[in-house]
Structures are given as structure tokens and as C-alpha cells.
Amino acid sequence: MLHHISFGVADLRRSAAFYVAALIALGFVRVWSDFEGGANDQAVGYGRAGGGDKLALKQRTGAAITPPAGLHLAFAAPDRAAVHRFHAAALANGGTDNGAPGPRPHYGPHYYAAFVIDPDGYHVEVVLNAPAD
């Protein structure tokens with residue numbers, strides 16, 4: 001249904017470091033950017049290598065970033081190990097723990113997920129909803 005989603009971020013360099021480190025665990029890479037690490041950076045996009053972006057980060061200089069209440073982004077993981085790698089990389093790159101990797105039986109018998117809050121306050125989940133691998 002969705003083609004992509006964009007987030008406004010307060011510090012593109014910080015957010016790009018967070019997402020590039022965490023998303024590699026899921027097989028996603030930077031697929032485009034005008035991001036060179038300089039003062040005029042405006043945006044960066046992540047997706048599958050050779051494809052279009054599924055997540056875009058856009059610099060919002062001068063604006064306070066306040067994610068809307070209830071906004072939640074969930075990435076699909078290929079296996080449970082990827083859930084753990086994503087969570088660890090997110091925490092090591094400025095994220096805040098919001099739920100360690102593990103089963104979530106209240107969401108379903110095969111639901112295995114981890115939750116983090118990114119450097120701008122967006123709630124991010126990584127999930128595998130399939131029998132144990």
C-alpha cells in the first residue's frame with residue numbers, strides 16, 4: 001500500500017548515522033541523498049540496493065521535531081537475528097530502548113519484535129511475524 005514515508009529530522013547527520021547503522025541489519029542501504037556531511041545537507045533515502053527509497057529523512061532546520069502522538073513505524077525483519085542486530089545498532093547509534101527483542105504473544109503466536117525511539121523521538125519497531133527460524 002505505501003510507497004514510502006518521510007520524516008523531518010532536526011539533525012540530518014545524526015539521524016542518517018542512526019538509520020544507516022540500524023537498517024543494514026534488515027538489508028536496507030542508502031539509495032540516494034544530497035548528504036555529504038556539510039551545512040547544506042537536505043535529505044537522504046533508504047531502501048533495497050538498486051531500488052527506490054522506502055524511508056526518507058528530510059532536514060527541518062529551525063523547526064522543533066515533535067513526532068505526532070501515536071505515530072509508529074514498523075520494519076519487517078527477515079529473521080530473529082536481524083531483530084537483535086537492528087536493536088543493538090539502534091541503541092549504539094543514539095536510539096533509546098523502548099522494548100528489548102523478544103516474543104510478543106499478545107500480538108500473535110509468532111510475533112517477535114524490538115522497539116526503539118530514534119534520535120528525534122520517532123517510535124520505531126522491527127518485527128518478524130512468522131514461526132521461529
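**Sheet, pocket and ring pairs in a predicted model**

User: In which sense do S2 and strand S3 pair?

Analyst: In this predicted model, strand S3 covers residues 43-47 and is joined to S2 over four bridges. Within this pairing, Trp32 has Gly45 in S3 as its bridge partner. The sense in which S2 and S3 pair is antiparallel.

User: In what order do the four strands of the open sheet lie?

Analyst: The pairing in this open sheet is mixed, and its edge strands, each pairing on one side only, are S1 (5-9) and S2 (29-33). Neighbouring strands are turned against each other by 25 degrees on average, direction ignored. The order of the four strands is S1-S4-S3-S2.

User: Which strand gives the largest share of the lining of the largest pocket?

Analyst: The largest pocket holds about 240 Å³ of space, and its lining divides into eight nonpolar, two polar and two charged residues. Among the lining residues are Leu73, Ala74, Phe75 and Ala76. The largest share, four residues, comes from strand S5.

User: Why does the pair of Phe7 and Tyr122 count as stacked?

Analyst: Phe7 in strand S1 and Tyr122 in the loop between strands S7 and S8 are 115 residues apart, and Phe7 is buried at 4% relative accessible area, while Tyr122 is buried at 7%. Their ring centres lie 3.9 Å apart, and planes under 30 degrees apart count as stacked. The pair is therefore stacked because its planes meet at 10 degrees.

User: Which residues do ring pairs link into a cluster?

Analyst: The rings of Phe75 and Phe86 have centres 6.1 Å apart and planes at 50 degrees, so this pair is tilted. Both residues are buried. The cluster linked by ring pairs consists of Phe28, Phe75 and Phe86.

Key. Residues are numbered from 1 along each chain as its sequence is written. This is a predicted model: local features need pLDDT of at least 70, side-chain atom pairs count only at pLDDT 80 or more; totals for chains, interfaces and linings use all residues. Side-chain values use heavy atoms; hydrogens and water are left out. Two strands pair if DSSP finds at least two bridges between them. Helices (H or I, at least four residues) and strands (E, at least two) are DSSP runs, numbered from the N terminus. Axes are lines fitted to C-alpha atoms, for helices over the stretch in contact, and angles run from 0 to 180 degrees between N-to-C directions. On a 1 Å grid over the protein atoms alone, a cavity is a set of points where a 1.4 Å probe fits but cannot get out, and a pocket is an open set with protein on both sides within 12 Å along at least five of seven lines; lining residues have an atom within 4 Å of a point. Grid points are joined across faces, edges and corners, and a volume is the space filled by probe spheres set on the points. Ala, Val, Leu, Ile, Met, Phe, Trp, Tyr, Cys and Pro count as nonpolar, Asp, Glu, Lys and Arg as charged, and the others, Gly among them, as polar. Rings of Phe, Tyr and Trp (its six-membered ring) pair if their centres lie within 6.5 Å; planes under 30 degrees apart count as stacked, over 60 as edge-to-face and the rest as tilted. Buried means under 20% relative accessible area, exposed over 50%, partly exposed in between (1.4 Å probe, protein chains only).
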